[in-house]
Amino acid sequence: RPKEPVFMPKGDGKKVFSVPVEYLNDKYKPIGAQVTNRFGDQASEQIPVSKISIPSLGEILELARDENFSLFIPKHRRIAGRLIDIFLGVRNVQDLIAVAVYARDRVNPYLFNYCLSVAILHRSDTQDLDVPSIIRTFPDKYVDSKVFGEAREDANVVPEGARTPIEIPKDYTASDLEEEHRLAYFREDIGLNLHHWHWHLVYPFEAALSVVNKNRRGELFYYMHQQIIARYNFERLCNKMKRTERFIDWDSPIQEAYFPKLDSLVSSRAWPARVENQRLKNLRREVDSVIIDLDDLKRWRDRIFAAIHSGSVTDRNGRTVQLNETEGIDILGNMVEASILSPNRDFYGDLHNMGHVFLSYIHDPDHRHLESFGVIGDSATAMRDPIFYRWHAFIDDLFQEFKTSLPRYTVNQLNNPGVTIQGIQVDVQGGKPNVLPTFWQQSDVDLSRGMDFQPRGAVFVRFTHLQHRPFTYKIQVQSNSAREGTCRIFLAPKVDERGNPWLFRDQRLMFIELDKFKVNLKQGQNTITRNSSDSSVTIPFERTYRDLDTSRPQGGDELARFNFCGCGWPDNLLIPKGSPEGFSCQLFVMISNIADDKVDQDVTGECNDSYSYCGLKDKLYPDRRSMGYPFDRMPRNGVDTLQQFLTPNMRVQDVTVKFENKTFKPKEN
Ligand code: CUO
């Protein structure tokens, strides 16, 4: 349709949508022809957009285009659910393009991006489509707002090719006067926040049942966030700080402050900060339809504790559902989060999500200052704030209360008769055995796609993040027969914050999963060799940042896998920072009995390399054991220490994580 107006998709410069006049916003209808001339000349290809009868957007338009969007706010979730349904409901990709093009210029951009991403992830006919990474679309959620002014200036003044990356200082949100700032490198890590955003994109808690109802999603909500807390506490100990304190006294002032230094490019406002000693208050925010008392939150908490202690929940039809050993944690995960799979959302409420909302409005609970929510109100930014970890430490404690009530693993459930681990060694090329070096690494990302109204061309920013040398596990195993097994590798600090040896009941919560993979043992002596880069927890650095790197091919199979595969712990944070003097850790390796691990399904194919925290796309969770096994339960009687816990198929090796305060430039490393 060459005569019709054309809109340029942001950033590309080569392809334009040929948009029917009827789809144009009223503002642009009268000047349709000028819009054509403005962009049409530069287009090398026009993508036709079909004229279909567009479903009414109704309530979806109630969120203005320049407001912020949060999945945790019930009204926002509801309208997101409606837009996702529209995107999922259209018959084919042509119609999806049509309705997306129509919505693009009317709907709130954050809402639009989220809903289209969820739809593309879940439609069978869009499995080979690329969802641009959120950092490409909304870099404002990930980097210091200061760089955008500079980036704009560079893009306008400095010719492409002559631009040098704009450096984001490693410490830009606080100074060392603030003790919590020692953890900023972790909380503000871009890959970490991208992982969290992706996880919630893959596991939405409110949408069509077919989208939400994934295998063991409630349990995975518990486990992935439990591991976040374990990893955060590990980092805290490395930095000579004690474990994060559960946020349980909701009437007391919150000591931790946080000033995010982020500006929203959509709302042209700064993300609100939280000064120290703020208290939660009842929320009276008509504008967001958030009218809720702190007492509501407390009632939900008490009902959930009562359910845990009674071992059963009451579903919405008044029936009793047991919280048993296998599915109990999954039910509880959905109930606490809460997802639409909660057995009874009216009664058990929406505890975890509304906790995010209460905390995110602490600075303006009744909207008198016309302020939006803080970073903890958005899954893309929540992990930046220290209060996120305190809230999730409370949430995790609820789950642990339940786990404590479960039968302990017997020796039979832990042992793998005939399999003995005889030795473990970790090697780093050119380094000492069992010493893992960490350091600072700089990387460049291109922000130009997320910035409007500027000449084209890449504008790179350079940021600094934690990194470690790749390493290799070498595990000596004796087996009395040829067999399969599951190798499970975890790491924990060797001593607690006072330097005392751990009780197993406490240390078990500190174990972070490093890897999990199937092994084929032959009869006799075996040496298992495994590279850290193959971890089932992480995705490679290149994938975390994949579509930031414009030099890489942007097509084919790699793209198709990106969406789901964008979920995964960032490889650069696989192991904690350690300390300059060398931080003592215990590496735990277990080879469990495959008979109780195995899930019969075909796991070949897409994106099967970060399943520990993210599951497998359209498949069952590929490990039948409870997530976190063997550390998810209290120990059997008589076991007080890790050594006492061990059966012959387990072994512990002391390792040291040694941080070198050196910064490597990109490519130098
Ligand atoms: Cu991931 Cu609270 O669930 O942020």
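The model is predicted. Its protein chain falls into three parts: domain 1 (6-129), domain 2 (179-404) and domain 3 (411-447 + 461-664).

**Domain 2 against domain 3**

- The centres of domain 2 and domain 3, taken over C-alpha atoms, lie 26 Å apart. To the contact, domain 2 contributes 38 residues and domain 3 contributes 59 residues.
- The size of an interface is often expressed as the accessible area lost when the parts come together. Here, domain 2 and domain 3 bury about 4,000 Å² between them, and 61% of this area is on carbon and sulfur atoms.
- On the domain 2 side, Y223, R231 and F234 account for 19% of the area buried against domain 3, which is more than any other three residues supply.

**Polar and charged links**

- Four salt bridges are found across the interface of domain 2 and domain 3.
- A salt bridge also joins the side chains of D632 and K403, with an N to O distance of 2.8 Å.

**Elements on the domain 2 side**

- At least two residues each of the side that touches domain 3 come from α7 (184-187), α8 (190-202), α10 (217-238) and α15 (386-404).
- Of the contributions to this side of domain 2, that of α10 is the most, at 15 residues.
- By residue class, the side of domain 2 that touches domain 3 comprises 18 nonpolar, 10 polar and 10 charged residues.

**A seven-stranded sheet**

- Seven strands form an open sheet with mixed pairing, in the order β4-β13-β12-β21-β20-β15-β16.
- The edges are held by β4 (166-167) and β16 (512-521); each has a single partner strand, so one side of each lacks a neighbour in the sheet.
- Strands of a sheet pair through backbone hydrogen bonds, in either a parallel or an antiparallel manner.
- β4 and strand β13 (residues 460-468) run parallel and are joined by two bridges. E167 has R462 of β13 as its bridge partner.

**Backbone points of note**

- A cis peptide bond leads from E337 to A338, with omega near -5°. A338 belongs to the loop between α12 (328-337) and α13 (345-348).
- The peptide bond from Y629 to P630 is cis, with omega near 5°. P630 sits in the loop between α20 (611-614) and α21 (642-645).
- R216 is not a glycine, yet has a positive phi of about 55°. The loop between α9 (209-212) and α10 contains R216.

Definitions and conventions:
Residues numbered from 1 in each chain as written. Predicted model: local features only at pLDDT ≥ 70, side-chain atom pairs only at ≥ 80, totals over all residues. Heavy atoms only, no water. Domains from an automatic or database assignment. Contact = heavy atoms within 4.5 Å. Buried area = accessible area lost by both parts, 1.4 Å probe. Helix = DSSP H or I, 4+ residues; strand = E, 2+ residues; numbered from the N terminus. Nonpolar A, V, L, I, M, F, W, Y, C, P; charged D, E, K, R; others polar. Pairing = 2+ DSSP bridges.
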